Amino acid sequence: MIQVQRIVLPQQLAELAAEQTEAITRVALDERYKLARELWSHSTNRRKLVTPLRQLLRRMAQGNRCCMYCCSDLSTDVDHFEPVAENPLRTFDWLNHLLACTECNSKKNDKWELFEDGEPKLIDPTREDPFEHLYLSLTSGQYEGLTEKGIFTRETCGLNRDDLPEARCMARDIVTVCASDWLHAWHSGNERRMTIAVRTIREQPFADVSQFMLRQAMFPQAHKAFDFECGMETLEYLRHPQLRGALLA
């Protein structure tokens, strides 16, 4: 899971969304959920509103349309962070929309809990830094919860389900190989190879892995996080100022 910068919703889409929300407010409380689902699924709204929203979320997503929960690639679902069943009035709220893979969207479903102060227990990657709540083991590829919010998010979205940990380890190894290739290209002045290496790291699935590695590389106890095969070599690669600059640009 990785922090995402939300972009501003174009005025035309904002007006269309507001019209749908207004329609929901006009019906009785016990009818709002049903109407919200109908409006969200309506063919005209799908074409004029939902599809453009999905395209905007894809632009926001890290890597190659990474799911904003598990970070797998080619995600297609517009997820309602606060479920429609919980709050129908947020069905068309742009601040309530995230890009999700089908598995995360299905597993999360209508699960929703709040702390006593009203703060959601689920991490919103557009409002907060997930790495303050979750720690990614570069050895196992599994997420560990650092806080109650991190634990709730990990379990609700199934962040360690099936082959996700193995896939994150593969993403880790790709970072190692590409960073090594970048360094060789840098020494030889091969800018094309340098560009390819950076693009491969930045656009591969599980963008959270490379971002976590870059973050951990500058900590005093970084060697503990990089306790995997070729980890110490990778750590030195990711401390190279030019490579860091290219990857974080």
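Analyst: Start with a rule for sorting residues. Ala, Val, Leu, Ile, Met, Phe, Trp, Tyr, Cys and Pro count as nonpolar; Asp, Glu, Lys and Arg count as charged; the others, Gly among them, count as polar. Keep in mind that this is a predicted model.

User: Let me apply that rule. How many nonpolar, polar and charged residues are in the lining of the largest pocket?

Analyst: Seven are nonpolar, five are polar and seven are charged. The pocket has a volume of about 280 Å³.

User: Which residues lie nearest the centre of the largest pocket?

Analyst: They are Arg37, Val78, Asp79, His80 and Asn105, out of 19 lining residues. Next, look at the elements behind the lining. Helix 2 (32-41), helix 3 (43-60), strand 1 and helix 4 (102-108) each give two or more residues to it.

User: What about the second largest pocket? Which residues line it?

Analyst: Its lining is Ile2, Gln62, Gly63, Arg202, Glu203, Ala207, Ser210, Gln211, Leu247, Leu248 and Ala249. The space in this pocket is about 180 Å³. Sorted by class, the lining has five nonpolar, four polar and two charged residues.

User: Which helix gives the most to that lining?

Analyst: Helix 8 does, with three residues. Helix 7 (191-203), helix 8 (207-216) and helix 11 (241-248) each supply at least two.

User: Now cavities. How many cavities of 30 Å³ or more are there?

Analyst: A cavity differs from a pocket in one point: a probe fits inside but cannot get out. The count here is one. Helix 6 gives the most, with three residues. By class, the lining has four nonpolar, two polar and two charged residues.

User: Are the faces of strand 2 covered or open?

Analyst: To read a strand, check each side in turn. In strand 2 (residues 97-100), His97 and Leu99 sit on one side, and Leu98 and Ala100 on the other. These four are all buried, and both faces are covered.

User: How should I read a pair of aromatic rings?

Analyst: A pair is described by the distance of the centres and the angle of the planes. In this model the count comes to six aromatic pairs. Take Trp40 and Phe92. Their ring centres are 5.4 Å apart and their planes stand at 55°, so the pair is tilted. The pair links distant parts of the chain: Trp40 is in helix 2, and Phe92 is in the loop between strand 1 and strand 2, 52 residues apart. Trp40 and Phe92 are both buried.

User: What kind of pair do Trp182 and Trp186 form?

Analyst: A stacked one, with 6.1 Å centre to centre and 10° between the planes. Trp182 and Trp186 are separated by about one helical turn, because they are four residues apart in helix 6 (residues 164-188).

User: Are Trp182 and Trp186 buried or partly exposed?

Analyst: Under 20% relative accessible area means buried, over 50% means exposed, and in between is partly exposed. Trp182 has 3%, so it is buried. Trp186 has 34%, so it is partly exposed.

User: Which residues form an aromatic cluster?

Analyst: Phe131, Tyr135 and Phe212 form one. A charge can also sit over a ring: Arg6 lies over the face of Trp94, at 5.0 Å from the ring centre.

User: How far apart in space are Arg32 and Val84?

Analyst: Arg32 and Val84 are 52 residues apart in sequence and 9.5 Å apart in space, C-alpha to C-alpha. Arg32 lies in helix 2. With a relative accessible area of 17%, Arg32 is buried.

User: And how far apart are Leu238 and Ala17?

Analyst: These two are 221 residues apart in sequence and 43 Å apart in space, again C-alpha to C-alpha. Leu238 lies in helix 10 (residues 231-238). At 1% relative accessibility, Leu238 counts as buried.

Terms used:
Residues are numbered from 1 along each chain as its sequence is written. This is a predicted model: local features need pLDDT of at least 70, side-chain atom pairs count only at pLDDT 80 or more; totals for chains, interfaces and linings use all residues. Side-chain values use heavy atoms; hydrogens and water are left out. Buried means under 20% relative accessible area, exposed over 50%, partly exposed in between (1.4 Å probe, protein chains only). On a 1 Å grid over the protein atoms alone, a cavity is a set of points where a 1.4 Å probe fits but cannot get out, and a pocket is an open set with protein on both sides within 12 Å along at least five of seven lines; lining residues have an atom within 4 Å of a point. Grid points are joined across faces, edges and corners, and a volume is the space filled by probe spheres set on the points. Rings of Phe, Tyr and Trp (its six-membered ring) pair if their centres lie within 6.5 Å; planes under 30 degrees apart count as stacked, over 60 as edge-to-face and the rest as tilted. A charge sits over a ring if NZ of Lys or CZ of Arg is within 6 Å of the ring centre and within 35 degrees of the ring normal.
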